[in-house]
Amino acid sequence: MTEKKESCQCDERQAIKKEIALKATVSAIKKKILVLSGKGGVGKSTVSTNLAVGLSQKGYHVGLLDIDIHGPNIPNMLGLQGFPPLITDMGLFPIKMYDNLQVISIGFFLEERDTPVVWRGPLKHRMIEQFLSDVRWGDLDYLVVDSPPGTGDEIISIVQLLDKVDGAVIVATPQDVALADVRRSIKFCIEGSIPVLGIVENMSGFVCPHCGNTVEIFKTGGAERLAQEYKVPFLGRIPIDPAIVQAGDDGKPVMIYYPNSKPAEAFSNIINKITETLKL
C-alpha cells in the first residue's frame, strides 16, 4: 500500500515538473504560427521550411517544429537527416541550422527514413508535448509548426499545448478538390478561435526554365476567391519552379539557394505580410 502511494506521488511530481517545463517553453515564444493544409500533397512542408528560413534571414530567432508524426519531411527539406539532436541531463537540444534557426522532428529519431510510425492519438500527444516541454528551445521570436494534413489528433494536441496560437497559414493548391478541403481548415480555425493569417496558393502557375515566363497549367485564383469569401487575407501565389522542386529533393531551401527565383520572391512577400500582422 505504501509503495503504491509513493508511486502515485512520484507520478504526480513528474506531471507537475512537465507542466512547469511546458509553461516555461511556451512563455518564451513570442509568436506561434501554425501551418495547415486541408489535404496532403499541397507543399505544406515546403511552405513551412521556407517561412522559417525566411524569418531567420530577417534576423528573428525561429524554431521550426515538425509535428507530422507519420510523414516527417522537414529534416529532408533542410538537408538535416542523419543529424541526431543532443540529449543531455538538461533535456533535448534542437538541431541548429543557424544560430537563430532551430529544428525538431520525429524524423531525427527514426533509424531509417522509411520507418513507419504506427501510433494512436495518446502517443502522438505525448510526443508533441515532449517536443515542447523537454526540448530546450530558448527564447524564440517565432515558432513555425509544420502540421500533418487535415484537423486530426496532432493539430488538436498542439493547439491545446501551446494554449494560444497567434495565427494560422493555410496552404492550398488551385484545384477545386483542394479548395474544398481548405474550407475545413478555415472553419477549424474559426471554431478554435485561431486567427487566420491568410491563405497561400501553392503550385500556382509553372515557371518555364527556358524563358522564365509563368504558364498557368492549373487554373489560378481559387484560393484568393476563397479568402474573399471567408474574409481572411490572401497571402500570395507560389509558382511551380523546377528549382524549388530540386531544392526540396536536395535539402536546399529555395530561400537560401535560389534567392532570386520567383518562388523566393513570393515567399519574401508572404513573410513581410505575416511579420506586419504579427508585430513583435
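**Entry 1: the whole chain.** I started with burial: of the 280 residues in the protein chain, 53% are buried. I'm keeping in mind that this is a predicted model. I looked up the elements next and got 10 helices and 11 strands. Then I checked the contacts between residues at least 6 apart in sequence, and 76% of them join residues at least 24 apart. The chain exposes about 13,900 Å², with carbon and sulfur atoms supplying 52% of that area.

**Entry 2: strand 6.** I picked residues 101-105, which make up strand 6, and found five of its five residues buried. Which way do the residues of strand 6 point? Leu101, Val103 and Ser105 go one way, while Gln102 and Ile104 go the other way.

**Entry 3: the neighbours of strand 6.** I looked up who pairs with this strand. Strand 2 (residues 62-66) runs parallel to strand 6 and is joined to it by five bridges. One pair I noted there is glycine 63 with its bridge partner, glutamine 102. Strand 5 (residues 95-98) runs antiparallel to strand 6, with three bridges between them. In that pairing, isoleucine 95 stands opposite valine 103. Strands 5 and 6 form a hairpin, and two residues sit between them.

**Entry 4: the largest pocket.** Now for the empty space, which shows up when a probe the size of a water molecule is rolled over the atoms. The largest pocket holds about 440 Å³ of space. It has 22 lining residues, and the closest to its centre are Gly43, Lys44, Thr46, Met77 and Met203. Elements giving two or more residues to this lining include helix 2 (44-57), strand 9 (196-207) and helix 8 (242-250). Which element gives the largest share of the pocket lining? Helix 8 does, with four residues. I sorted the lining by class too: eight nonpolar, nine polar and five charged residues.

**Entry 5: the cavity.** How many cavities of 30 Å³ or more does a search of the whole structure find? I got one. The largest cavity has a volume of about 40 Å³. Among the residues lining this cavity are Thr46, Met77, Ile244 and Lys252. Helix 2 and helix 8 are the elements that give two or more residues to the cavity lining. By class, the cavity lining divides into five nonpolar, four polar and one charged. I also jotted down that Thr46 and Met77 turn up in the pocket lining and in the cavity lining.

Terms used. Residues are numbered from 1 along each chain as its sequence is written. This is a predicted model: local features need pLDDT of at least 70, side-chain atom pairs count only at pLDDT 80 or more; totals for chains, interfaces and linings use all residues. Side-chain values use heavy atoms; hydrogens and water are left out. On a 1 Å grid over the protein atoms alone, a cavity is a set of points where a 1.4 Å probe fits but cannot get out, and a pocket is an open set with protein on both sides within 12 Å along at least five of seven lines; lining residues have an atom within 4 Å of a point. Grid points are joined across faces, edges and corners, and a volume is the space filled by probe spheres set on the points. Ala, Val, Leu, Ile, Met, Phe, Trp, Tyr, Cys and Pro count as nonpolar, Asp, Glu, Lys and Arg as charged, and the others, Gly among them, as polar. Buried means under 20% relative accessible area, exposed over 50%, partly exposed in between (1.4 Å probe, protein chains only). Contact means heavy atoms within 4.5 Å. Accessible areas come from the Shrake-Rupley method with a 1.4 Å probe; for residues, only the protein chains shown count as cover. Two strands pair if DSSP finds at least two bridges between them.
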